[in-house]
Amino acid sequence: MEPIKRIGLLTGGGDCPGLNAVIRAVTKTAINLHGIEVFGFLDGFKGLVNNNFTKLDLERVSGIAHTGGTILGTTNRDNPFRYYSVEDGKEIYSDESDRAIDNINCLGLDGLIVIGGDGSLNIAHLFSQKGVPIVGVPKTIDNDLSATEVTFGFYTAVNTASEALDKLHTTAESHHRVMVLEVMGRYAGWIALYAGLSGGADVILIPEIPYHLDSVIEKINYRYTQDKKFSIIVVAEGAKPNDGEMVVSKMVTGSHDPIRLGGIGQKLANDIEITTGIESRVTVLGHLQRGGGPIPYDRILSTRYGVAAVEQLVEGNSDVMVSLKDNVITSVPLVEAIREIRKVPVDSDIVLAAKALGISFGD
Ligand code: F6P
C-alpha cells in the first residue's frame, strides 16, 4: 500500500461544540506524525461538489480547540447524491457524486474524513461504496448515533440545558409557576434525560415514552399538596402525547431529514395552565445548545476522535467510523453506525434512577 500523502476533511450537518477540536487534531496528527497534507472542504458536502476548499496547516488550526462552530462551515442540506438546485424557477435534484469524486481525484486526495451525524455518515458510506477511502467521526449533540457510546458535543449541550434549568428553578419558585424547558432531540431524548436528571426536573418527557397529560398533571398537583407550588418540566422537541403527534415547526428542502420539530413545549404549557389553573411558561433553548465552545470532556473526546480518524486512514481502513467503546477509542463499520438511531432504552438504569427519585416521565 502506497503511503498516504494528502487527505480531505469536511464537517457536515448541524454544527456542534467540538468540531474545531476535531479539525485541529486531524490536521496536527496528519502533519506532525505522518507528513500528510490536509485540505478542508468548505460548507460540508457543498464544498466537495463545488471544489471549494482551503489548505489546513498548523497555524490555521492553532488555538481553536476551545471555540464553538466550525472553521470550515457546514450545511445540513446539499447531499451530493441528491443535489438540490433551482433552474429556471424549477426545483431540481441531481446526482453530483461523480463531480465530487473528480474533485477528490484532481486534488490527489488519498482519503476523506467526514465529521457528521447520521445524514452525513450515510452520504460518506455511499462515497466509500464508490471507491473513496472514508473515515467518519460521530458528531451530534443529540447523541443518537448507533455504534458509539457517545458523540462529541452531547455533554456540552447537556451542560447548557442543565444551566438553563438551574436558572428556571429560581424564577419558577418565586412565581409559583410551572416552567417548561423545550430542548433538542428529534427522535431520541438523551439531552432531555441527562439535563433533567442533572437539573432536578420534576417531569422529563422524551420521544421514547409518549406522555399522558393526566399523569403530568398528577405529578404537578401532588407537588402542590407537598407545598411545592412550582414544577420544572424538560421536554424533548420530539416528545408527543399518547393520543397525539410530534409538533412540526417547518420543512427544510434539500435536507437529509427535512422535518424540523418545535412547539411541543408551548402546547404542553398551555394544556397544563388550562387544566390546573397554575401559570405556566415555556422556554425553547434551541440553538443555544449547539453554540459556544465545548466543555473539557468534549474537547478531549473530539481530540481523541480526530487523532484516531487519521490513524484509520493511515492503516488503510475505509468505510468505518471511529467510536467509543468502554471508554476506549475503536472503530466500527459505517453501516453499523447508520443502521438505526440510538434511542434511550426505557428500562435503562438512568431512566430507572430518575424514576426512583420520583421524576415523572408522563407514562
Ligand atoms: O443536530 C440535530 C439537531 O440539533 C436537532 O436536534 C434539531 O432538530 C436540528 O438539529 C435542528 O437543525 P437546524 O435548525 O440547524 O436545521
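User: Where does the ligand sit?

Analyst: This is a predicted model in which local features need pLDDT of at least 70, side-chain atom pairs count only at pLDDT 80 or more, and totals for chains, interfaces and linings use all residues. Residues are numbered from 1 along each chain as its sequence is written, and side-chain values use heavy atoms, with hydrogens and water left out. A pocket is an open set of points on a 1 Å grid over the protein atoms alone, where a 1.4 Å probe fits and protein lies on both sides within 12 Å along at least five of seven lines, and a molecule sits in it if more than half of its atoms lie within 2 Å of its grid points. By that criterion, the ligand sits in the largest pocket.

User: How far from an oxygen atom of the ligand does a polar side-chain atom of arginine 260 lie?

Analyst: A polar contact is a pair of N or O atoms within 3.5 Å. For aspartate 142, a polar side-chain atom lies 3.0 Å from a ligand oxygen, and for arginine 290 the separation between a side-chain N or O atom and a ligand oxygen is 2.8 Å. For arginine 260, the distance is 2.5 Å.

User: Which domains each give at least three residues to the shell around the ligand?

Analyst: The surrounding residues (a heavy atom within 4 Å of the ligand) include Asn76, Asp142, Glu237 and Arg290. The domain bounds come from an automatic or database domain assignment. The shell draws at least three residues from each of domain 1 (6-152 + 294-337) and domain 2 (154-290).

How values were computed: Polar contact = N/O pair within 3.5 Å; in protein donor to acceptor, adjacent residues only side chain to side chain. 1 Å grid on protein atoms, 1.4 Å probe; cavity = no way out; pocket = protein on both sides within 12 Å on 5 of 7 lines; lining within 4 Å.
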